[in-house]
There are 2 protein chains.
Amino acid sequence: MDRNPLDPLLIHPEERGLVTDLYQLTMWAAYRRHRQGVRGVFELWFRELPPQRGFLIFAGLAPALGFLQGLRFTPEQVRALRELPAFSGLDEGFFRSLEEFRFSCDVWAMPEGTPVFAGEPVLRVEGPIEQAQLVETYLLAAVSFSTLVASKAARVRLAAGEARVVDFGSRRAHGPLAACWAARSAFLAGLDGTSNVWAALRLGIPESGTMAHSFVLSFADELSAFRAFAETFPERTFLLVDTFDTLAAVERAAADRKLRFLGVRLDSGDLLALSRAVRAILDQHGRREVKIVASGDLDEYRIWQLRQAGAPIDAFGVGTRMVTSEDAPALQAVYKLVAVQEPHGPRRAVAKSSAGKETLPGAKQVYRESDASGLFLRDLVLPVEAKPPQGFFQPLLLPVMRGGRVVSPLPELAEIRRYVHEQLSRLPEGVKSLEKPEAFPVVFGFGEKPQATNPEAGGRRR
Amino acid sequence: MDRNPLDPLLIHPEERGLVTDLYQLTMWAAYRRHRQGVRGVFELWFRELPPQRGFLIFAGLAPALGFLQGLRFTPEQVRALRELPAFSGLDEGFFRSLEEFRFSCDVWAMPEGTPVFAGEPVLRVEGPIEQAQLVETYLLAAVSFSTLVASKAARVRLAAGEARVVDFGSRRAHGPLAACWAARSAFLAGLDGTSNVWAALRLGIPESGTMAHSFVLSFADELSAFRAFAETFPERTFLLVDTFDTLAAVERAAADRKLRFLGVRLDSGDLLALSRAVRAILDQHGRREVKIVASGDLDEYRIWQLRQAGAPIDAFGVGTRMVTSEDAPALQAVYKLVAVQEPHGPRRAVAKSSAGKETLPGAKQVYRESDASGLFLRDLVLPVEAKPPQGFFQPLLLPVMRGGRVVSPLPELAEIRRYVHEQLSRLPEGVKSLEKPEAFPVVFGFGEKPQATNPEAGGRRR
């Protein structure tokens, strides 16, 4: 493939099929020769929850389905693949099969935004085994990162109570696409906006942001910078007040009767002490309506501490620690074959027994039980062919793709956000605890005796 | 902007200018009104090194310059920006200035792959202040993530000695683009290949990968799976042997005289004990040439332990912990205004004094001193206008862009990789230590008395 050494190294949508592990394609070649017509069932789940996580928010379904829909290899890509040493000596039929490939699997998934727990399948793909296998890498990358940030952001949302919270993480995310996807995950999990312009335009997330320290430094003095900004944005000015001396800056700004501003932002120092002192100065000057925004290495723990201490902070900007999920930067997401079907044969449930990485065989459904008030009680994971349990049980895996086509329109992001809010309100309080959360009960019902999850937060491995 | 709800949510190269923080554009508007013709100088550096890092490998220059080159806003994008509430009420000139914008700054940078330390500028942008400001977000995201993974991968490379090491992290990276960029960073830092097909085709990184557990499970028995794969890839077969019982699988495969394979992969269990037992079985069967590959939650610490214990492992596959830099998933990268120039006026050095986030004023050059054998002795960070120091000093910041155009062809990835290898060989051993590394001496020479860095690893904040 031709390459301009100065392209920005982004993934063109047409190239998305190439974002895969080589072994997906070597297996494709071997399946083609030796397992023609075999169908496979794969499930995606999170092996364990990270420490301090009582739940995850399943996210990334829209980019995952966007990936699957229309997935193909262009003739140019197939020509390039022919040149890879890994594929030298393969027959013509292999390359032709890649060129002819159109994704034709069926996909089930939980609604995006659903709280999930360890070991529960969140997505299932059924179809020609080489196709269902091929998509593993991208699906895992899309779902696990989106879920990682949505889960972290949900905790930030819980910690912040009624305060406004905005994503400021674009610069510290793992590259530009992670920045954009993190904005999406954070918003659906309950944040109020983002600084990311792409996410504002492409996803309709409310945009947020005013000035950097450099803006203040570029003027001869701080007050000139404040005045210039307020003149440009009379209705939207938040002053960044910690470039030199925070309290002096607030004093000067508050005392300037001609200076109109909605808020001030603190980005360094002791946020509790500073927010109190700043509030007092603002109030002394009759600027009671002026809001205080805090940012700088914030996460759910720090926000909780500030709120517990009564810091008069109206809004938080959260960045690095949320978009990298710094205390747990990866989820143990896996995508495993759980059943195989020979041509015209019955389905055979399969599982691996690798030490510490055992899997449970067979396609599964997750049923979530609620009490009469709607509070979630427990999940029951059963073979798909099992009789659904009686009572207030809701099956969570629903068909989302049939033969490679999406079966119904995806919800808008704002709708997913409302759904997350509603779902979180139904989760037991202990499960939502920021530290040492209780484990939500998940029962894996296989064979005669349903096996309970282990009682530690994070639940059981599978 | 029109949006297909089923697009894969990738960033089209034409949209890259939108991957920015809103405040870059609000400041643009205010600069336009109040600071016409003002030029700015911005520097990018890492505030501190994470614990256990004695050095970083500066990476991400190629995607950063690819971003800058040809950066612009399309008329459609500007139309969409007009609709954002943040920009309501702004004058027509603002939107026209975005549409007319072509990046015209000068850029200096260290060569990609250079070892760097806390507080040293790795990149400098000079030009119209609104332009130099605009690119902050993307530059930080590109450079800090690329550097994060290159720095981690360099440690993996050091730990693995002569063993082959391959990037297997695509599924656990922070989304698909992070997967591709991580493959690039890992390779330039010294890894030998990647499983990522996009990176193999687009960047020419040697590809690696054979089979997953699902492949084994899809057959009636393990040996049939092995035979089918080996028949398809007679010259490249590595058997994944831990789906059920590792030693039994190796015994059966080794005993099958018709089965030809180059290696076996262990992906679970006690890798030290298993690699020894597997080596013994292979040797008993006269398969001394068969290699052992290990994977599964590996990082530099675990690889070092395995090698110290004498594990007979020929190659390592490294994933999650490297591509997320799990023990330190973010770098404190910043991009700050260090000088301002009024139209026809002199340059004024600027700095902020925010608590704990102070900066050093003025544009800087980094001089690296070597001894006669080429070993790096120390760095001297001086104002650009200072007289270069005498002796074996090499200036590290070189012009890479003039008026928005790249001044000379960028090195090929393989060339960067050789450069990293050479540079690492010149770093003092103690600085390369995996745990409690020594601090490389960096002297910030400002005013009369050069100020030494603090002696802890990680160096001084600025």
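Predicted model: local features only at pLDDT ≥ 70, side-chain atom pairs only at ≥ 80, totals over all residues.
1. At what angle do helix H7 (residues 176-188) of chain A and helix H15 (residues 413-426) of chain A pack, and how far apart are their axes? The angle is about 45 degrees, and the axes of H7(A) and H15(A) lie 8 Å apart.

2. H7(A) brings A:Arg184, A:Phe187 and A:Leu188. H15(A) brings A:Leu413, A:Ala414, A:Ile416, A:Arg417 and A:Val420. By type, the residues of this contact of H7(A) with H15(A) are six nonpolar, no polar and two charged.

3. H7(A) also packs on helix H6 (residues 136-160) of chain A. The axes of H6(A) and H7(A) come within 8 Å and cross at roughly 50 degrees. H6(A) and H7(A) are therefore oblique to each other. Their crossing is right-handed.

4. Which residues meet between H6(A) and H7(A)? From H6(A) come A:Tyr138, A:Ala142, A:Phe145, A:Ser146, A:Val149, A:Ala150 and A:Ala153. From H7(A) come A:Ala178, A:Trp181, A:Ala182, A:Ser185, A:Ala186 and A:Leu188. This contact of H6(A) with H7(A) counts eleven nonpolar residues, two polar and no charged.

5. Helix H10 (residues 222-232) of chain A packs on helix H11 (residues 246-255) of chain A at about 50 degrees, with the axes 10 Å apart. That angle makes H10(A) oblique to H11(A). H10(A) passes H11(A) in a right-handed crossing. A:Glu222, A:Leu223 and A:Phe226 of H10(A) make the contact with A:Ala249, A:Arg252 and A:Ala253 of H11(A). The residues of this contact of H10(A) with H11(A) split into four nonpolar, no polar and two charged.

6. Now the annotated spans of chain A, which come from an unreviewed UniProt entry. "Domain: Nicotinate phosphoribosyltransferase N-terminal" is the UniProt annotation for residues 18-144 of chain A. In the model, residues 18-144 of chain A are 42% helix and 17% strand, with end C-alpha atoms 19 Å apart. UniProt annotates residues 164-337 of chain A as "domain: Nicotinate/nicotinamide phosphoribosyltransferase". Residues 164-337 of chain A are 42% helix and 16% strand, and the end C-alpha atoms lie 43 Å apart. For residues 393-442 of chain A the UniProt annotation reads "domain: Nicotinate phosphoribosyltransferase C-terminal". Residues 393-442 of chain A are 28% helix and 22% strand, and their end C-alpha atoms are 13 Å apart.

7. Turn to chain B and its parallel sheet. Six strands form an open sheet in the order E7-E6-E11-E10-E9-E8 (chain B), with parallel pairing. Strand E7 (193-194) and strand E8 (238-240) of chain B are the edge strands, and each pairs on one side only. Strand E6 (residues 164-167) of chain B runs parallel to E7(B), joined by two bridges. Here B:Asp167 stands opposite B:Thr194 in E7(B). Helix H12 (residues 271-284) of chain B packs on this sheet, where H12(B) touches strand E9 (263-266) and strand E10 (291-295) of chain B. The direction of H12(B) makes about 160 degrees with that of E10(B).

8. Chain B also holds an antiparallel sheet. Seven strands form this open sheet in the order E13-E12-E1-E5-E3-E17-E18 (chain B). Strand E13 (347-349) and strand E18 (405-406) of chain B each have a single partner strand, so one side of each is left without a neighbour in the sheet. Helix H2 (residues 61-68) of chain B lies across strand E3 (106-109), strand E5 (123-128), E17 and E18 of chain B. H2(B) runs at about 25 degrees to E17(B).

9. Which strands does E17(B) join, and by how many bridges? Three antiparallel bridges join E3(B) to E17(B), and two join strand E17 (residues 398-402) of chain B to E18(B), also antiparallel. B:Met401 of E17(B) is the bridge partner of B:Val107, and B:Met401 stands opposite B:Val406 in E18(B). B:Arg402 has B:Arg405 in E18(B) as its bridge partner. E17(B) and E18(B) form a hairpin with two residues between them. In the turn, B:Gly403 has a positive phi of about 60 degrees.

Note on methods
Residues numbered from 1 in each chain as written. Chains lettered and ligands numbered in written order. Heavy atoms only, no water. Pairing = 2+ DSSP bridges. Helix = DSSP H or I, 4+ residues; strand = E, 2+ residues; numbered from the N terminus. Contact = heavy atoms within 4.5 Å. Axes fitted to C-alpha atoms, helices over the stretch in contact; angles between N-to-C directions. Parallel < 35°, antiparallel > 145°, perpendicular 65-115°, else oblique. Left-handed = near helix turned anticlockwise from the far one by under 90°. Nonpolar A, V, L, I, M, F, W, Y, C, P; charged D, E, K, R; others polar. UniProt positions renumbered as here; feature names shortened; annotations may be inferred.
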